[in-house]
Amino acid sequence: MNPGELLERSLAYALGGVAAVPRAGLGRPTPCARWDLRELLQHLDDSLDALYEGVAEGRVGLCPVAPAADPVCAFRARAGALLGAWAAVSAAPPAPAVGDRSLDLGLLAAVGALEIAVHGWDVTQACGRPRPIPSALAAELLPLAPVVVADADRGVRFADPVAAPAGAGPGDLLLAFLGRGPQPRFLSGAAPVRLP
């Protein structure tokens, strides 16, 4: 897995979803129960800011960015800045710090790719224009999910896993593990997805 490529592919997918955001529909509900579309885009903007700080400055601050007047434009601008910062440091990657802890830059990029792709999917759902996470991208993100999401995160940062339909591909398995999916919340006879 090339973390920079994974990050770039996740951003490309999310940018495609953000292109469908209606200017007058920022109050729409999202699969993230506590956030409407504006709040979800603000969270994505904050995530991109943290990733940019880690890549460009070698340190991730713990303060969120101020809400942007135009969250779609802010997301696009930050996505471009993040890709530029990654290109600038990929030859000699620093070890960024989050608070007082150092973190591998590749791991930071991979975790960011997971966050961006899944919330990109959330955006497409909120806009009523669902687009599946590309299978190849989801297959690479799937092994990261259980490393990033612990049981203690459930109910706080992530929903409980839901059942995936029989024969589900990597995208549906990833979404089900993270408590999302186009299927009903509970499928009779199916168990929630638990990844190794």
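Q: Why is Arg-129 called exposed?

A: Because its relative accessible area is 52%, and exposed means over 50%, with buried under 20% and partly exposed in between (1.4 Å probe, protein chains only). So Arg-129 counts as exposed.

Q: Before we go on, what sort of model is this?

A: A predicted one, where local features need pLDDT of at least 70 and side-chain atom pairs count only at pLDDT 80 or more, while totals for chains, interfaces and linings use all residues. Residues are numbered from 1 along each chain as its sequence is written, and side-chain values use heavy atoms, with hydrogens and water left out.

Q: Where is Arg-129 found?

A: In the loop between α4 (105-126) and α5 (135-141). Helices (H or I, at least four residues) and strands (E, at least two) are DSSP runs, numbered from the N terminus. The protein has 7 helices and 3 strands, in the order α-α-β-α-β-β-α-α-α-α from the N terminus on.

Q: Which residues does Arg-129 touch, not counting those up to four places away in sequence?

A: Ala-20 and Thr-124. Contact here means heavy atoms within 4.5 Å. Gly-17 is 112 residues from Arg-129 in sequence, and the two sit 8.1 Å apart in space, C-alpha to C-alpha.

Q: Arg-180 is also an arginine; what makes Arg-180 count as buried or exposed?

A: Its relative accessibility is 10%, so Arg-180 counts as buried. Arg-180 lies in the segment after α7 (170-177). Leaving aside neighbours within four places in sequence, Arg-180 is in contact with Cys-32, Val-118, His-119, Trp-121, Asp-122, Val-162 and Leu-175. Across the protein, 44% of the 196 residues count as buried.

Q: What makes a group of residues a nonpolar core?

A: It has to be a set of buried Ala, Val, Leu, Ile, Met, Phe, Trp, Tyr and Cys residues joined through side-chain atoms within 4.5 Å. In the largest one, with 29 residues, Leu-11, Val-21, Leu-37, Leu-41, Leu-48 and Val-123 touch the most other members. At least two residues of this core come from each of α1 (3-18), α2 (37-57), α3 (71-89) and α4. There's also a second, separate core of 22 residues, and Leu-144, Val-149, Phe-158 and Phe-177 are among them.

Q: Which residues does Leu-41 touch, not counting those up to four places away in sequence?

A: Val-18, Val-21, Leu-26, Pro-71, Val-72 and Val-123.
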